[in-house]
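Q: I have a structure open and I would like to learn how to read it. Could we go through it one feature at a time?

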Amino acid sequence: MSVTVKIPTQLRNVTAGDAETTVDEATTVGEVLDGLYDRYDGLRDRIAEDGDLRRFVNVYVGGEDIRFLDGLDTSVEDGDEVTILPAVAGG
Amino acid sequence: MAAVEALECKECGARYALEARHACDSCFGPLEVTYDFSGLDREGAKRRIQAGPASVWRYADFLPFERPPRTALAAGVSPLIRADRLAERLGLGEVWVKNEASNPTHSFKDRVVTVALAKAQELGYEVVACASTGNLANAVAAHAAAAGLESYVFVPADLEEQKILATGVYGTHLVSVNGTYDDVNRLCSELAAEREWGFVNVNVRPYYAEGSKTLAYEVAEQLGFELPDRVVCPVASGSLFTKIARGFEEWREVGLVEGDLPTFNGAQAEGCSPVAQAFEAGLDVCKPVKPSTIAKSLAIGDPADGPYAIDLARRTGGGIDSVTDDEIRKGIGLLAETTGVFTETAGGVTTAVLAKLAERGDIGADERVVLVITGEGLKTLDAVRGSFETRVIEPTTTAFAEAFQREAVTS
């Protein structure tokens, strides 16, 4: 099983320019992010704080904000697309 | 010498050059333009304002440019109307209506767009774009047309027809997205990373937001360089609400006005009130909602500046209130009947919240209150359809006398 993750421009200097990557063996959004933290040094501090996402970080699964689902416990399935974006836009 | 300095993260203080960038690389916090006003002479600034053009550019000393840009479509300098009949109806002392419907595309969005497009051009963009609940769509399409820029305007599919028509007419690429505004916003955030476009409320957002400060400057100037005691203003993303305060704060810093920052009351529709709910619950972050309200221009379920709007309301002793769709319709009627100003649903929200504050006794009898009416009633006609009766008669005096029997007898 494999989940695709879309990485925003703000994080690409810690992902060696990767705009998209895949994480295998993850069943929740939290585990997907853990997979990214293992792979990319310095990523965790950018988007997480005290075990939760920073307040201006939005994460979506299949276009739905995870705050409308189960947050970091939101389950992911093979082929899902997880998107990380800065919350500061619009209005 | 221009006072504009840099972009600075509101969360962690990291600084960046004045480029197309809206979120902090380190913490994702919002970036805001900073200025150094220490070299700005108060009297000189006042003279330049009073001798300046009848547009937002009269406040160029406080906008993010080295020198005032030339723009094709003027925005700003809307009337501040003393609303004695509204005040009397609500049992208040002094109420002023800032009527933003007088802008070129009939909402306050002309202010932010004129600044955003000037910056987008300065940064070299040939295509501009936005995610909009309607008013911004009108403004981006119009100002892009006037400036000769190509534009893409993204809106939720359920938008009012008036706002769709008043956007497409300018020859923009109008994109209707099957989803809520928050879906549109997410899409635009993703597109902004892929395209070399100036998205006014994504990568150009720090400059765009600066345009809202001009509303505060204007209110202060129109009151004779004085501050009001209270501002009642709609809250969608919270950007306008917080930037009005920033505008007043800057003028206090420079010495153009004196006294305390006004009390700030935010207005939301109950069907989309994440900021009011967080305020009520004593939280400093907003839980996003799925909007369901007739006030579509305020239907942002995930407000970017929500935490700062809550903070502003708290530290000025104000609040964030919400009103029902029925109250919104009544608010539109109340404003129209007492001031002659016909506002869209967002203005109905704001007027209804003013009425609520008055009823609750939150507003002192000696207070000078400014009601920020952000847009035009002709854009949301459905909100008033069926709210009054039209008499249909044959073209005879008899028919008229029959229809208006009571009036005819008494005259």
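Predicted model: local features only at pLDDT ≥ 70, side-chain atom pairs only at ≥ 80, totals over all residues.

Q: In what sense do β4(B) and β5(B) pair, parallel or antiparallel?
A: Antiparallel: β4(B) and β5 (residues 94-99) of chain B are joined over 3 bridges. To find one of them on the screen, select B:Leu80, whose bridge partner in β5(B) is B:Lys98.

Q: At what angle do α9(B) and α11(B) pack?
A: For a pair of helices, look at the angle and the distance between the axes. Helix α9(B) packs against helix α11 (residues 306-315) of chain B at about 50°, and the axes are 8 Å apart.

Q: Which residues make the contact of α9(B) with α11(B)?
A: From α9(B) come B:Phe241, B:Thr242 and B:Ala245, and from α11(B) come B:Tyr308, B:Ala309 and B:Leu312. Sorted by class, the contact has 5 nonpolar residues, 1 polar and no charged.

Q: How far apart are the axes of α8(B) and α9(B)?
A: The axes of α8(B) and α9(B) are 7 Å apart, and the angle is about 55°. That makes this pair, α8(B) and α9(B), oblique as well. The crossing of α8(B) and α9(B) is right-handed.

Q: Which residues of α8(B) meet α9(B)?
A: They are B:Lys213, B:Leu215, B:Ala216, B:Tyr217 and B:Ala220. On the α9(B) side, the residues include B:Ile244, B:Phe248 and B:Trp251. This contact of α8(B) with α9(B) divides into 7 nonpolar, 1 polar and 4 charged residues.

Q: How many residues does each domain of chain B bring to the contact?
A: Domain 1 of chain B brings 25 residues and domain 2 of chain B brings 20. On the domain 1 side, α8 (213-222) and α9 of chain B each supply at least two residues. The most comes from α8(B), with 3 residues. By class, that side of domain 1 of chain B has 9 nonpolar, 9 polar and 7 charged residues.

Q: At what angle do α3(B) and α4(B) cross?
A: Helices α3 (residues 109-122) and α4 (residues 135-147) of chain B cross at roughly 45°, and their axes come within 9 Å. The two helices α3(B) and α4(B) are therefore oblique to each other. Their crossing is right-handed. Among the residues that meet are B:Val113 and B:Leu117 in α3(B) and B:Ala139 and B:Val140 in α4(B). The contact of α3(B) with α4(B) holds 7 nonpolar, 4 polar and 2 charged residues.

Q: In what order do the 5 strands of the open sheet in chain A lie?
A: The order is β2-β1-β7-β5-β6 in chain A, with mixed pairing. The edges are β2 (20-24) and β6 (64-65) of chain A; each has a single partner strand, so one side of each has no neighbour in the sheet. Strands β5 (residues 57-61) and β6 of chain A pair in the antiparallel sense over 2 bridges. In β6(A), A:Asp65 is the bridge partner of A:Tyr60.

Q: How many residues of chain B are in contact with chain A?
A: When two chains touch, count each side separately. Here 31 residues of chain B are in contact with 22 residues of chain A. Helix α6 (residues 181-194) of chain B gives the largest share of the chain B side, 6 residues. That side of chain B divides into 15 nonpolar, 8 polar and 8 charged residues.

Technical notes: Residues numbered from 1 in each chain as written. Chains lettered and ligands numbered in written order. Contact = placed C-beta atoms within 7 Å. Helix = DSSP H or I, 4+ residues; strand = E, 2+ residues; numbered from the N terminus. Nonpolar A, V, L, I, M, F, W, Y, C, P; charged D, E, K, R; others polar. Pairing = 2+ DSSP bridges. Axes fitted to C-alpha atoms, helices over the stretch in contact; angles between N-to-C directions. Parallel < 35°, antiparallel > 145°, perpendicular 65-115°, else oblique. Left-handed = near helix turned anticlockwise from the far one by under 90°.
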